[in-house]
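User: Please take me through this model by way of its core, its surface and its backbone.

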Amino acid sequence: MRQRVAVIGGGIVGVAVARELLHRQPDADVTVYEKEDRLAAHQTGRNSGVVHAGPYYPPGSAKALLCRRGVGLLEEYCAQHAITRIVCGKVLVALDEADRSRLAGIEERALANGVPGVRTIGAAELRELEPHVRGVAALHSPSTSIVDFAEVTRSLAADAASDGAEILLGHEVTGMRLRATQVVVSWRTAEGAGEQAYDRVIACGGLQSDRLAEMAGDGPDPVIMPFRGEYYALKPHRRGLVNGLVYPVPDPRYPFLGVHVTPRVDGEVLIGPNAVLALAREGYTWKNVSPSDLACIARTPAFWRFARQHWRTGISEMAGSLSKKRFVAAARAYVPELADDDVVPGTAGVRAQALDADGGLVDDFRISVRDRIVVLRNAPSPAATSAMAIAEHVVSILAGRA
C-alpha cells in the first residue's frame, strides 16, 4: 500500500523534503501544501541569497553538521541544473582589538567545522581583497557563495513534481488531528475548505511553525518571534565598493549577523539587515500590523523575559530602522567611503526566530516529533543553505519511526 505523506510549507525546506521523500520512496504519495499563491513567498524568497559556508556554528551542532552537508549538496545541485551560483568569498572585518580576539574563536569553529580555506588576514591583505574596506584584521572565507534561493526552490519543486508530488498552492492548513493510524489534515482555499488523511505529516512552516506544532499536539515552546530584517541597496554606480561579501564580527549574544554588505546574483548589492520586532508574522513594513499577532506576542511570557534582557539592543535596532543615517553608519564603520546618498530603500524579510520559555533565543535547528507528525520548530538561517541536508535528516527520522 502506498504511503501517503503531507508536507506543509512551500519554502525551500518543504520542497526539498518532498523531493527527498520521493527519492527514497518512489511509490509514495506526497502532497505539498502552501498557503500562498507561489513557492518561496516568505523566508526563502526574501533573504540575501548567501550560501553560508558554516564558520559560526558550534562544532557538532545541527546547524554546523547540516550546513556543511547542505553546502556540498547545494553546490552539486546548482552545477547539475545550471543554476547561477557565484563564489564571491566573504570577509568578517575586525574593527578593533576586541573584534580581533573574537575572530580567533570564529576561526577555530570554522576549522573544526571543515570550512575550506578559511584563515585570518591582516589589514594589508584585506585591502588587496576589498580596496574600499577597512579593518585591523579579517577572517576570509574564500568558498562562500551567493545564489537565488527562490530559483533553487522552483527547481527542487519541479523535480518533486516530476517524481509524482502534488503541489497545492493557495491551500492553508488549518488543523491536524489523529484518527487511528492516520493524520487528518484540514485546509482551506479561496473557494472553500476540505480535509485529507495521511500516514505521515512533515510541517516546515517557518513563520507559522509553532502554530503548526500546537495543531500537532506539541507544547507551546519554543514560540516564534518575527524579526524583520530591512535592507538598503547600493545605487548601481556604487556597487563597486565591494567585491564580495563584507560582514562585521557578529555579537556573540545574538544569532543575527549584523548589518553587512551583500552582492546578489542579479548584480544588486544590499546593505543590511537589521533586526526589529515585526508587528505581524509576515510584517515586511511598519505598515503591516496584525492585531492578533501582536496580542499573541503580548501574552507570551517568553517575549517579556527576552525584552527585559535585551531592551537596549531593541531600541538601537528600532532607531536604525527609522533613520537611514544611522543604518548606513553601521556599514560605514568598515566601508568608510559609503555615503548616505549612495543607497536607496531595498527589500525586507522576516526571520522566524524561536524563543525558549526562559526568553532565550534558540540558536540551533530544532525538530519535534509527535507520533506521526514531524515539525521543524526552529529553522532560520542557514536553513536555505542546509535545506537538502535537513531534508535527508527529516526523512531519516520519518523512516526510523515507520
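**Core, surface and backbone**

User: Which residues touch the most other members of the largest nonpolar core?

Analyst: The model is a predicted one, and its largest nonpolar core holds 63 residues. Helix H10 (residues 383–400) supplies the largest share of this core, 10 residues, while a second, separate core of 22 residues includes Tyr232, Val242, Ile271 and Leu338. In the largest core, the residues that touch the most other members are Val13, Val17, Leu21, Val30 and Val152.

User: Which residues does Val152 touch, not counting residues up to four places away in sequence?

Analyst: Val152 is one of the residues with the most contacts to other members of the largest nonpolar core. With residues up to four places away in sequence set aside, Val152 touches Ile12, Leu74, Tyr77, Cys78, Ile83 and Val147.

User: Which residue of S8 is the bridge partner of Arg85?

Analyst: Strand S8 (residues 145–147) runs antiparallel to S4 and is joined to S4 by three bridges. These strands belong to an open sheet of three strands in the order S3-S8-S4, in which strand S3 (50–51) and strand S4 (85–87) are the edge strands, each pairing on one side only. The partner of Arg85 in S8 is Val147.

User: What is the relative accessible area of Met318, a residue of the nonpolar surface patch?

Analyst: Trp286, Met318 and Leu322 make a nonpolar surface patch of about 300 Å², and Met318 is found in helix H8 (residues 301–322).

User: Is Ala180 buried or exposed?

Analyst: Phi of Ala180 is near 55 degrees, a positive value, and Ala180 lies in the loop between strand S10 (172–179) and strand S11 (182–188). Phi of Ala40 is likewise positive and near 55 degrees, in the loop between strand S2 (29–34) and S3, but Ala40 counts as buried at 7% relative accessibility. Most residues other than glycine have a negative phi. With a relative accessible area of 77%, Ala180 is exposed.

User: What is the omega of the cis peptide bond that joins Ser381 and Pro382?

Analyst: Another peptide bond, from Gly272 to Pro273, is cis with omega near 0 degrees, and Pro273 is placed in the loop between strand S17 (269–272) and strand S18 (276–277). Pro382, for its part, is placed in the loop between strand S21 (373–378) and H10. For the cis bond joining Ser381 and Pro382, omega is about 15 degrees.

Methods
Residues numbered from 1 in each chain as written. Predicted model: local features only at pLDDT ≥ 70, side-chain atom pairs only at ≥ 80, totals over all residues. Heavy atoms only, no water. Core = buried A, V, L, I, M, F, W, Y, C linked by side-chain atoms within 4.5 Å. Buried < 20%, exposed > 50% of the residue type's maximum accessible area, 1.4 Å probe, protein only. Helix = DSSP H or I, 4+ residues; strand = E, 2+ residues; numbered from the N terminus. Contact = heavy atoms within 4.5 Å. Patch = residues over 30% accessible without salt bridge, like charges linked within 9 Å, V, L, I, M, F, W, Y side chains within 5 Å. Areas by Shrake-Rupley, 256 points an atom, 1.4 Å probe, with all protein chains shown as cover. Salt bridge = Lys/Arg side-chain N within 4 Å of Asp/Glu carboxyl O. Pairing = 2+ DSSP bridges.
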